[in-house]
Amino acid sequence: MDFALNEEQTAIFDMAHAFGQENIAPHAHQWEKDGTIPKELWPEVGALGFGGLYVSEETGGAGLTRLDATLVFEALSMACPSVAAFLSIHNMCAKMLDTFASDGMKERVMPKVLTMETVLSYCLTEPGSGSDAAALKTRCARTNDGYTLNGTKAFISGGGYSDAYVTMVRTSDDGAKGVSTVYVEDGTPGLSFGGLEDKMGWRSQPTALVQFDDCKVGAENLVGEEGKGFKYAMAGLDGGRLNISACSLGAAQTALTKTLEYMGDRKAFGQSIDQFQGLQFRLADMEIELQAARTFLRQAAWKLDTGAPDATKFCAMAKKFVTETGSKVVDQCLQLHGGYGYLADYGIEKLVRDLRVHQILEGTNEIMRVIVARDMLKNR
């Protein structure tokens, strides 16, 4: 079993890391203050091929494996996990369109999706349906020209900011089988947005309610088939869980690197604090935990790429383990910075805030436990 990255994978990581350090890291603090990511960043990201990381080469995407994609998100999150996670959402939507949309829709929308002239948001969660996503209530009624949407989506990254919304809607009352997916472009009559949410973390990502009031979309904006939307939405989640795990991993690695540098400079009782054995033990524990998380994440990605029957279980386990490890490590790094860790200028408190939500989205870590336990019970 070979755990080393090959030459191409190393090049992918290095390219993403260099881009993040040059174009994202110097601005991350200001973008958080501004509450937005400049739209002009995304075409630069698209020029690297990052707008369609695992979109097929036939459609014009990069055609990377899911393991390759985790390297991109790990590297970019070393600059800012909020920006990296937003790119993950766009890529999840792009993959859904590549896999399930008609050839006509793909010809119409994918070129600008891949260049990131069109930035995508994923609209599944509603005020009353989070973990129980199949209980969504946004209605989608057939008309002579297409569909009319009525309802509300909540916690939408890119609400009021993105150029199009890949939206799960209810076309019948048949539970999960009554859910369909439609593509709603910004500016569509009846589409509106709530005010920006004031969040603990991910503050550079604009997040808002997405509201549909007799919002009319053409029949050509149906993604795939009616009644298959819940299946489409769930198909992207295994990979999404890997991506958000990678974002936790990269951000925690940055925190640990900053902490090592700080501890070498900070003096107490006549010596740098990295010379105290008790603190060295804490550094060692964090390194062990991060290396274990990285190995677990890449194993889960490998299973998803190879179509292993237990891939969903491993993606759930990795998501739970890696996101909790990431949060634990950045919290410890803040502690080792002392009072300075609590100051925004050092960048650690931002990582603590940004990573906390990773245990909630892409399926809460409680739901990850449910997935794992059900698999265990089914196969006992």
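Buried means under 20% relative accessible area, exposed means over 50%, and partly exposed is in between, with a 1.4 Å probe and protein chains only. Helices are DSSP runs of H or I with at least four residues, strands are DSSP runs of E with at least two, and both are numbered from the N terminus.

Keep those in mind for strand β1, residues 120-123. Both of its faces are covered. L120 and Y122 sit on one side, S121 and C123 on the other, and all are buried.

Now the ground rules. This is a predicted model, so local features need pLDDT of at least 70, side-chain atom pairs count only at pLDDT 80 or more, and totals for chains, interfaces and linings use all residues. Residues are numbered from 1 along each chain as its sequence is written, and side-chain values use heavy atoms, with hydrogens and water left out.

Back to the strands. Two strands pair if DSSP finds at least two bridges between them. β1 pairs with β4 in the parallel sense, over 4 bridges. In that pairing, S121 stands opposite Y165 of β4. Then there is β2, residues 139-142, which runs antiparallel to β3 and is joined to it by 4 bridges. Those two strands make a hairpin, with 3 residues between them. A141 faces T148 in β3.

Next, the pocket. The definition first. The search uses a 1 Å grid over the protein atoms alone. A pocket is an open set of points with protein on both sides within 12 Å along at least five of seven lines; a cavity is a set where a 1.4 Å probe fits but cannot get out. Lining residues have an atom within 4 Å of a point. Points are joined across faces, edges and corners, and the volume is the space filled by probe spheres set on them.

The largest pocket comes out at about 1,200 Å³. Its lining counts 42 residues. T125, I360, L361, E362 and G363 lie nearest the centre. Which elements give two or more residues to that lining? They are α5 (81-100), β3 (146-157), α7 (229-235), α8 (237-265), α11 (348-356) and α12 (365-378). By class, the lining has 22 nonpolar, 10 polar and 10 charged residues. Here Ala, Val, Leu, Ile, Met, Phe, Trp, Tyr, Cys and Pro count as nonpolar, Asp, Glu, Lys and Arg as charged, and the others, Gly among them, as polar.

On to salt bridges. The criterion is a side-chain nitrogen of Lys or Arg within 4 Å of a carboxyl oxygen of Asp or Glu. The structure holds 17 of them. I will take a few.

D163 pairs with K39, closest N and O atoms 3.6 Å apart. D163 is in the loop between β3 and β4 (164-170), and K39 is in the loop between α2 and α3, so this pair ties together parts 124 residues apart in sequence. Why is D163 classed as partly exposed? Because its relative accessibility is 23%. K39 is partly exposed too, at 34%.

R241 and D238 also meet in a salt bridge, 3.9 Å from N to O. They are 3 residues apart in helix α8, so about one helical turn separates them.

R369 bridges to E324, with the closest N and O atoms 3.4 Å apart. R369 is partly exposed at 41%, and E324 is partly exposed at 22%. Elsewhere, salt bridges with shared partners join E32, E349 and R353 into one network.

Two loop residues. E40 sits between α2 (28-34) and α3 (41-47). Its relative accessibility is 57%, so it counts as exposed. P309 lies in the loop between α9 (277-306) and α10. At 87%, P309 counts as exposed. P309 and D265 are 44 residues apart in sequence and 49 Å apart in space, C-alpha to C-alpha.

Last, the record. UniProt positions follow the numbering used here, feature names are shortened, and annotations may be inferred rather than shown by experiment. An unreviewed UniProt entry puts "domain: Acyl-CoA dehydrogenase/oxidase N-terminal" at residues 6-117. That span is 68% helix and 0% strand, with its end C-alpha atoms 31 Å apart. The UniProt feature "domain: Acyl-CoA dehydrogenase/oxidase C-terminal", also from an unreviewed entry, covers residues 227-376. There the chain is 76% helix and 3% strand, and the end C-alpha atoms are 29 Å apart.
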